[in-house]
Amino acid sequence: QVQLVEPGGGLVQPGGSLGLSCAASGGVFSPATLVWYRQSPGKEREWVTSTGPYGRTMNADSVKGRFTISRDNAKNTVSLQLNALRPKNTAVYYCYYGHRAQYWGRGTQVTVST
C-alpha cells in the first residue's frame, strides 16, 4: 500500500509562484510514473504533468513554460513548481503514483486570487 502526502498549497496572487510536493511511502519509488492532476470547481479532473521512471517529463499545453515537475528518487518525493499563476489555475491538485497499482493523494488546494 502506497501512501501519498501532499503538503503545500495555499493562496497566491495572480502572477505569483507556489511549490507543491508529494511524499510517497510504502512502495518502490524509482520505477513509478508520477503525475500531477488538478480539478477546478465544476470541472472534471485533468492531467497537468507527469514524469516517468527515467525522468522524462510531459506537460499539458496549458502549463508549458510555467509549471515544472521534478522527482527525487532518494527522498521519494515528486514536486511541482507553479509559476505565473492565473486565477483559472485555482484547483485541487492531486498527486498520482503508478507502478503495479495506482494510488492517489488526497489533494491540496491552490487558490489564485487577489
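Aspartate 72 stands opposite threonine 77 in strand 8, where strands are DSSP runs of E with at least two residues, numbered from the N terminus. The model is predicted, so local features need pLDDT of at least 70 and side-chain atom pairs count only at pLDDT 80 or more, while totals for chains, interfaces and linings use all residues. Residues are numbered from 1 along each chain as its sequence is written, and side-chain values use heavy atoms, with hydrogens and water left out.

- Four strands make up an open sheet with antiparallel pairing, in the order 1-3-8-7; two strands pair if DSSP finds at least two bridges between them.
- Strand 1 (3-5) and strand 7 (67-72) are the edge strands, each pairing on one side only.
- From one strand to the next the twist averages 15°, with axes taken as lines fitted to C-alpha atoms and angles running from 0 to 180 degrees between N-to-C directions.
- Strand 7 pairs with strand 8 (residues 77-82) in the antiparallel sense over six bridges.
- Strand 3 and strand 8 run antiparallel and are joined by six bridges; here serine 21 stands opposite serine 79 in strand 8.
- Strand 1 and strand 3 pair in the antiparallel sense over three bridges, and glutamine 3 has serine 25 in strand 3 as its bridge partner.

- Buried means under 20% relative accessible area, exposed over 50%, and partly exposed in between (1.4 Å probe, protein chains only).
- The largest nonpolar core has 27 residues, of which Leu4, Leu20, Trp36, Phe67, Leu80 and Tyr93 touch the most other members. Such a core is a set of buried Ala, Val, Leu, Ile, Met, Phe, Trp, Tyr and Cys residues joined through side-chain atoms within 4.5 Å.
- At least two residues of this core come from each of strand 3 (18-25), strand 4 (33-39), strand 7, strand 8, strand 9 (91-98) and strand 11 (108-112).
- Leucine 20 has contacts that include Trp36, Val78, Leu80, Tyr93 and Val110, not counting residues up to four places away in sequence; contact means heavy atoms within 4.5 Å.

**Salt bridges**

- The count is two salt bridges, each defined as a side-chain nitrogen of Lys or Arg within 4 Å of a carboxyl oxygen of Asp or Glu.
- Arginine 38 bridges to glutamate 46, with the closest N and O atoms 2.7 Å apart. Arginine 38 is buried at a relative accessible area of 6%, while glutamate 46 is partly exposed at 35%.
- Aspartate 61 bridges to lysine 64, with the closest N and O atoms 3.0 Å apart. Aspartate 61 and lysine 64 are exposed.

**Loop residues**

- Threonine 90 lies in the loop between strand 8 and strand 9 and is buried, with a relative accessible area of 17%.
- The threonine 90 side chain reaches the backbone oxygen of proline 87 at 2.9 Å.
- Asparagine 76, in the loop between strand 7 and strand 8, has phi near 55°, a positive value in a residue other than glycine. Asparagine 76 is partly exposed, at 23% relative accessible area.
- Alanine 84, in the loop between strand 8 and strand 9, has a positive phi near 50° and is a residue other than glycine. Alanine 84 is partly exposed, at 36% relative accessible area.

How values were computed
A polar contact is a pair of N or O atoms within 3.5 Å; within protein, one must be able to donate a hydrogen and the other to accept it, and residues adjacent in sequence count only if both atoms are side-chain atoms.
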